[in-house]
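Here are my notes on the structure. They are arranged as numbered points, for reading alongside the coordinates.

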Amino acid sequence: MDKTINQKAWFLVLPVFLVVAFSAILPLMTVVNYSMQDTFGNNQFFWNGVGWFKELLDPSTDLGGRFLASLGRNLLFSAIILAIEVPLGIVVALSMPRDGWSVAACLVILALPLLIPWNVVGTIWQIFGRPDIGLLGYTLNSLGINYNYVSNEFDAWATVIVMDVWHWTSLVALLCYAGLKSIPDAYYQAAQIDGASRWAVFTAIQLPKMNRVLLIAVLLRFMDSFMIYTEPFVVTGGGPGNSTTFVSIELVKIALGQFDLGKAAALSLVYNLIILIVCWVFYTVMTNAGAERPVKQGAE
Amino acid sequence: MARIDLVDLAHSYGGNDAAPESFALKPVTMTWRQGGAYALLGPSGCGKTTLLNLISGIVTPSRGQILFDGADITPLSTQKRNIAQVFQFPVIYDTMTVGQNLAFPLKNRGVPKAEIDARVKQIADLLDLTPHLDRKATRLTADAKQKISLGRGLVRSDVAAILFDEPLTVIDPELKWQLRSKLKALHRDLDLTMIYVTHDQTEALTFADTVVVMHDGRVVQSGTPAELFDKPAHTFVGYFIGSPGMNIVPAEVRGREARISGHPIALSRSYDTLPPGAKIEVGVRPEFVDVAAPAPGLLSANIERIDDLGRVRFARVRIGDAKFAARVPPGFSVSGETAGLVFNPSHVHVYADSRLVEGTA
């Protein structure tokens with residue numbers, strides 16, 4: 001059959017093209033444009049080439065120092081919350097009931113923190129942790145533990161981490177629970193017959209069967225914690241000092257606090273690039289893990 | 001290696017208080033002898049998988065006992081029962097190689113490494129899995145995976161019995177009989193008790209030397225394939241085994257004569273003491289009824305169609321409202337819509353309330 005040539009078909013693509021152009025391409029190009037220039041206000045711009053990018057990656061400059069320090073803090077933060085939330089989520093999922101009315105109750109309770117807006121989560125913990133009126137802060141201090149997230153770096157980190165664990169472990173647990181539910185009973189029965197211990201059941205059946213949902217959980221939690229802004233900003237405002245200033249907080253400080261549009265644009269492009277690369281790596285790993293399956297059948 | 005006795009064993013998923021009629025397995029007492037090849041045959045939902053899971057310990061019985069060589073093992077967990085079970089869908093451990101899969105039950109029981117290796121090698125040879133030992137188990141086909149499941153059972157030297165829960169469901173037809181003959185060979189070589197659950201009569205009759213037929217939570221007959229064919233103890237057995245199944249038609253029986261729709265049929269035995277009030281039926285396999293030209297002395301039937309199975313032809317007929325199947329003798333050509341039926345008296349059985357009645361000679 002001959003292909004019908006109908007140029008009017010472009011009109012069908014046009015709306016999407018326009019929406020994408022205005023929502024993604026134009027703003028991105030604006031940022032690229034800003035990242036190459038410097039401004040001293042009054043809408044006056046001067047060409048700066050790749051100067052900002054050079055500065056950004058050079059720790060001896062002010063911009064580079066701040067960016068790399070916040071990037072380091074952010075990676076440390078992501079590593080810590082992943083190290084806590086993933087195992088904890090698995091444990092929670094494993095200890096959930098498999099059937100009965102209690103399943104629904106558990107699911108609702110688990111879902112609750114996920115339904116609370118970031119801003120509110122931050123406010124809850126900001127008040128909860130205050131030494132004068134917060135239940136947590138007051139209790140800790142009256143137990144003789146000197147806890148103050150406003151003045152102590154360690155306390156600030158601990159608060160932000162516990163808050164994130166409280167907020168997001170549910171997501172990992174729910175994903176793991178879905179993975180666990182999809183394991184047929186025969187596997188458990190076979191393991192019983194094979195005399196497997198609880199630990200052997202976990203390592204030989206449950207963990208391998210959960211690996212795909214776990215990958216998704218790790219990806220989601222990494223992306224989210226790497227982009228974290230609202231919660232630590234509400235609780236600590238990035239302090240004390242710069243101790244809880246993560247990349248996004250630094251970015252907002254530069255862009256809106258100092259109105260250094262060029263620096264901020266360069267930073268956000270690099271930030272974006274890091275996220276894209278991590279996404280791509282995860283995506284590749286995940287599709288490769290999935291691609292194993294179809295090959296298996298014909299292998300014999 | 002063990003003899004397995006079931007003593008008044010019953011199970012209800014609704015607990016012990018459930019009405020007796022709702023029990024998934026109604027009380028059964030029977031013995032599985034050491035080294036036997038058994039098939040548990042019955043339609044879906046007849047309780048055969050429940051019975052299997054009770055023996056393996058996956059399900060704890062509501063009442064009754066299970067004895068291995070006379071010792072009560074009812075309260076023991078699956079791990080302690082020395083039972084192997086192969087499931088409907090192959091269960092393999094994804095992250096392990098074929099060899100590690102086979103070694104898993106031994107590793108869990110703390111068997112020394114050298115012994116595990118020797119044993120795994122031996123079982124892999126037996127199941128033709130040796131070339132795959134170092135491959136990931138997930139990369140194999142369904143039948144190879146099912147062999148691994150079986151191998152994990154065989155690898156333990158202390159195993160009392162191997163239970164199969166419809167193990168060939170997911171296997172391609174041409175591989176089915178290969179795997180089944182493999183099982184037969186293993187059974188001969190290893191002298192293991194094997195219990196094979198299936199709803200496929202061909203599978204049951206070719207695999208087992210004793211077939212246990214279950215219906216509605218009850219064991220209705222257990223016997224050799226020939227016994228089940230020649231003398232079904234229950235109308236269900238007659239109907240379920242054989243293709244086509246046994247003809248069961250209501251009749252009046254008196255002495256050595258049965259009357260079907262008022263027409264007399266001779267019986268080879270005498271039935272004088274039939275339980276009063278019971279529903280009386282006669283059963284005869286299509287193989288033992290021949291179609292003939294209509295004649296005054298013969299029971300006449302309306303021919304509906306002829307099924308040509310190649311080796312043999314069966315006529316599907318109607319006697320009044322009752323459906324009936326009968327053999328068409330070689331060389332006989334059917335003409336017209338009615339035919340006479342010639343019964344072989346020694347294969348006509350009498351059933352009272354669905355159970356076989358033994359006549360007197």
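The points below cover conventions, confidence, the chain contact, and then the folds of the two chains.

1. Conventions. This is a predicted model, in which local features need pLDDT of at least 70 and side-chain atom pairs count only at pLDDT 80 or more, while totals for chains, interfaces and linings use all residues. Residues are numbered from 1 along each chain as its sequence is written, and chains are lettered from A and ligands numbered from 1 in the order in which they are written.

2. Confidence in chain A. The mean pLDDT (the predictor's confidence in each residue, from 0 to 100) of chain A is 85, and 95% of its residues reach 70 or more. Within chain A, the lowest confidence falls in helix α12 (residues 261-298), with a mean of 75, and the highest in helix α7 (residues 153-181), at 92. Residues 293-300 of chain A have pLDDT below 50, and this stretch has 8 contacts in the model beyond near neighbours in sequence. Two residues count as in contact if their C-beta atoms, placed from the backbone, lie within 7 Å. Where pLDDT is low, the predicted coordinates should not be read in detail.

3. Contact between the chains. Chain B contributes 23 residues and chain A 19 residues. On the chain B side, β6 (83-86), α2 (98-108) and α4 (142-154) each supply at least two residues. Helices (H or I, at least four residues) and strands (E, at least two) are DSSP runs, numbered from the N terminus. By class, that side of chain B has 11 nonpolar, 8 polar and 4 charged residues. Here Ala, Val, Leu, Ile, Met, Phe, Trp, Tyr, Cys and Pro are nonpolar, Asp, Glu, Lys and Arg are charged, and the others, Gly among them, are polar.

4. Chain B overall. Chain B has 8 helices and 21 strands, and its C-alpha atoms fill a box of roughly 80 × 50 × 35 Å along the principal axes. Of its 361 residues, 43% are buried; that term requires 20 or more other C-beta atoms within 10 Å of the residue's own, with C-beta atoms placed from the backbone.

5. Nonpolar cores. A core is a set of buried Ala, Val, Leu, Ile, Met, Phe, Trp, Tyr and Cys residues joined through C-beta atoms within 7 Å. In the largest, of 80 residues, B:A39, B:L40, B:A161, B:I195 and B:Y196 touch the most other members. The element giving the most to this core is α2(B), with 5 residues. Another core lies apart from it, with 28 residues, including B:A258, B:V291, B:F324 and B:V328.

6. Strands β17 (residues 313-319) and β18(B) pair in the antiparallel sense over 7 bridges; pairing requires at least two DSSP bridges. B:R313 has B:V328 as its bridge partner in β18(B). There are 2 residues between the strands, and B:G320 takes a positive phi near 60°. Strand β18 (residues 322-328) of chain B has 5 of its 7 residues buried, so it is largely enclosed by the rest of the structure.

7. An open sheet in chain B. Its 4 strands follow the order β2-β1-β4-β5, with antiparallel pairing. At the edges stand β2 (25-32) and β5 (71-72) of chain B, each with a single partner strand, so one side of each is left without a neighbour in the sheet. Strands β1 (residues 4-11) and β4 (residues 63-68) of chain B are joined by 5 bridges, and B:A10 has B:R63 as its bridge partner in β4(B).

8. Is helix α4 of chain A buried or in the open? Of the 15 residues of α4(A), the number buried is 0, so it lies largely in the open.

Definitions and conventions:
Buried ≥ 20, exposed ≤ 12 C-beta atoms within 10 Å, placed from the backbone.
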